[in-house]
Amino acid sequence: MRRLAPAAAAAAITALLLAGCAAGSDESSAPGVDAPAAPVVPEPGTSDAQTADGAAGGAEAQPADRSVITTGWVSITVDDPIASAEEAADLAEQAGGRVDSRTESPGTDAQPPSASLTLRIPSDELDGFVDELRALGTVNSVSMNASDVTQQQKDLDGRIDALTASVDRLQQLLAEATTIADLIAIESELTTRQAELDSLTQQRDWLVDQVDFSTITVDLVTEDVAPDPQPDDFWSGLVAGWNALVAFASWLGVAVGVLLPWVLVALVTTAVIVAIVLLATRRRRGAPTSTPATTPEATPTEPASTGAATGAPHHPHDEGPRA
């Protein structure tokens, strides 16, 4: 019986895993069932056919429950960006939202003041909030983007439900385990399933927060940094081109002024190096060159006579003819 206990526990775990996977696939793929519509009471003077047609049209016109993430960007020209940023934050809090980030740049001699806010507004209050923002100043541009995540949220819900059922079943098996091997196997699988369940729950919570609260970025600028209108005729295009040319010439003058000291230093350094090289070359050419001493070559000597080779004195009269 003891040998059969681990095998029975392993078989139970395998059956549990297969049941959890099957439950997850069934829940994620099962179509939603609509609740039966309430009976429609016909009005006096209308026929049954007209009443049925009206009820069918109302059912088709009813919008489906969708999950949509909305993000937007609004640029507004105001007189005082810092004070307007405070007003925008107050409007967000009054709408039930919050401020995720806020950046303020006070005005300086070289830069006008500006402010930027990232606001989270309830999706139901977004349109009214944008209308209230328009009252802060002159709206330069408004951009809105909507992303449908209905299917993604349904998939997460189905996987979370399947994993929750699997974790509950594993906890029940853990309480019923009788051997150490069963405890180790069940705890390992339970830890894995619980970590996956926590991860999916965090993803689902983040997705729900993005759907419930729209993200709006508000840029508050002054008239000096407001975007210029685009040219729409010949003269405005000519003026824009001339202004661009003047700006480029001004930028080029600044660049030349910045690079000129470096160019002068480079020229002076190059001149000094060239002068040193020329001076060293002239000194080498003007120095006297010493000629190497030549050793006299040995003149070949005539071969000595036989008598000289033998060491006997040589007499001329000895060379006469002999009788």
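This is a predicted model: local features need pLDDT of at least 70, side-chain atom pairs count only at pLDDT 80 or more; totals for chains, interfaces and linings use all residues.
## A pair of bridge partners

Ser116 has Asp219, a residue of strand E5, as its bridge partner.

Strand E3, residues 114-122, and strand E5, residues 213-221, are joined by eight bridges and run antiparallel. Asp219 also takes part in a contact with Ser75, a residue placed in strand E1, which spans residues 68-77.

## Overall organisation

The chain contains eight helices and five strands. Read from the N terminus, the elements follow the order α-α-β-α-β-β-α-β-α-α-β-α-α. The chain has 323 residues, and 20% of them count as buried.

Contacts can also be described by the separation of the two residues along the sequence. Among contacts with a separation of 6 or more, 78% are made by residues 24 or more positions apart.

## The sheet

The five strands form an open sheet, in the order E2-E3-E5-E1-E4, and the pairing is mixed. At the edges stand E2 and E4, the latter covering residues 138-148, and each of these pairs on one side only. On average, neighbouring strands of this sheet are turned by 10° against each other, when direction is ignored.

Strand E3 pairs with E5 through eight bridges and with strand E2, residues 98-105, through seven bridges. The pairing of E2 with E3 is antiparallel. Two positions illustrate this pairing: Val99 stands opposite Leu119 of E3, and Ser101 stands opposite Thr118 of E3. In a regular strand, side chains alternate between the two faces of the sheet.

How many of the nine residues of strand E3 are buried? Seven of them are, so E3 is largely enclosed by the rest of the structure.

## Helices H5 and H6

Two packed helices are described by the angle between their axes and by the distance between those axes. Helix H5 covers residues 150-176 and helix H6 covers residues 180-212; they pack at an angle of about 155°, with their axes 9 Å apart. Since angles over 145 degrees count as roughly antiparallel, H5 and H6 are therefore roughly antiparallel to each other. Their crossing is left-handed. The residues of the contact between H5 and H6 comprise 14 nonpolar, eight polar and seven charged.

Helix H6 also has a relation to the sheet. H6 lies across E1, E2, E3 and E5, and runs at about 55° to E5.

## Helices H3 and H4

Helix H3, residues 81-94, packs with helix H4, residues 126-134, at an angle of about 160°, and the axes are 11 Å apart. These two helices are therefore roughly antiparallel to each other. The crossing of H3 and H4 is right-handed.

Which residues make this contact? From H3 come Ala88, Leu91 and Ala92, while H4 contributes Phe129, Glu132 and Leu133. By class, the contact of H3 with H4 has five nonpolar residues, no polar residues and one charged residue.

When residues up to four places away in sequence are not counted, Gln210 touches Ile69, Arg120 and Thr215.

Ser75, in strand E1, is buried as well, with a relative accessibility of 6%. Apart from its neighbours within four places in sequence, Ser75 is in contact with Thr138, Val139, Asn140, Ser141 and Asp219. Asp219 is the residue of E5 that is the bridge partner of Ser116.

Ser123 lies in the loop between E3 and H4. At 29% relative accessibility, Ser123 counts as partly exposed. Leaving out residues up to four places away in sequence, Ser123 touches Val211, Asp212, Phe213 and Ser214. Ser123 and Ile69 are 54 residues apart along the chain, and their C-alpha atoms are separated by 8.6 Å. Ile69 is also one of the residues that Gln210 touches.

Conventions: Residues are numbered from 1 along each chain as its sequence is written. Side-chain values use heavy atoms; hydrogens and water are left out. Axes are lines fitted to C-alpha atoms, for helices over the stretch in contact, and angles run from 0 to 180 degrees between N-to-C directions. Helices (H or I, at least four residues) and strands (E, at least two) are DSSP runs, numbered from the N terminus. Angles under 35 degrees count as roughly parallel, over 145 as roughly antiparallel, 65 to 115 as roughly perpendicular and the rest as oblique. A crossing is left-handed if the near helix is turned anticlockwise from the far one by less than a right angle, and right-handed if clockwise. Ala, Val, Leu, Ile, Met, Phe, Trp, Tyr, Cys and Pro count as nonpolar, Asp, Glu, Lys and Arg as charged, and the others, Gly among them, as polar. Contact means heavy atoms within 4.5 Å. Buried means under 20% relative accessible area, exposed over 50%, partly exposed in between (1.4 Å probe, protein chains only). Two strands pair if DSSP finds at least two bridges between them.
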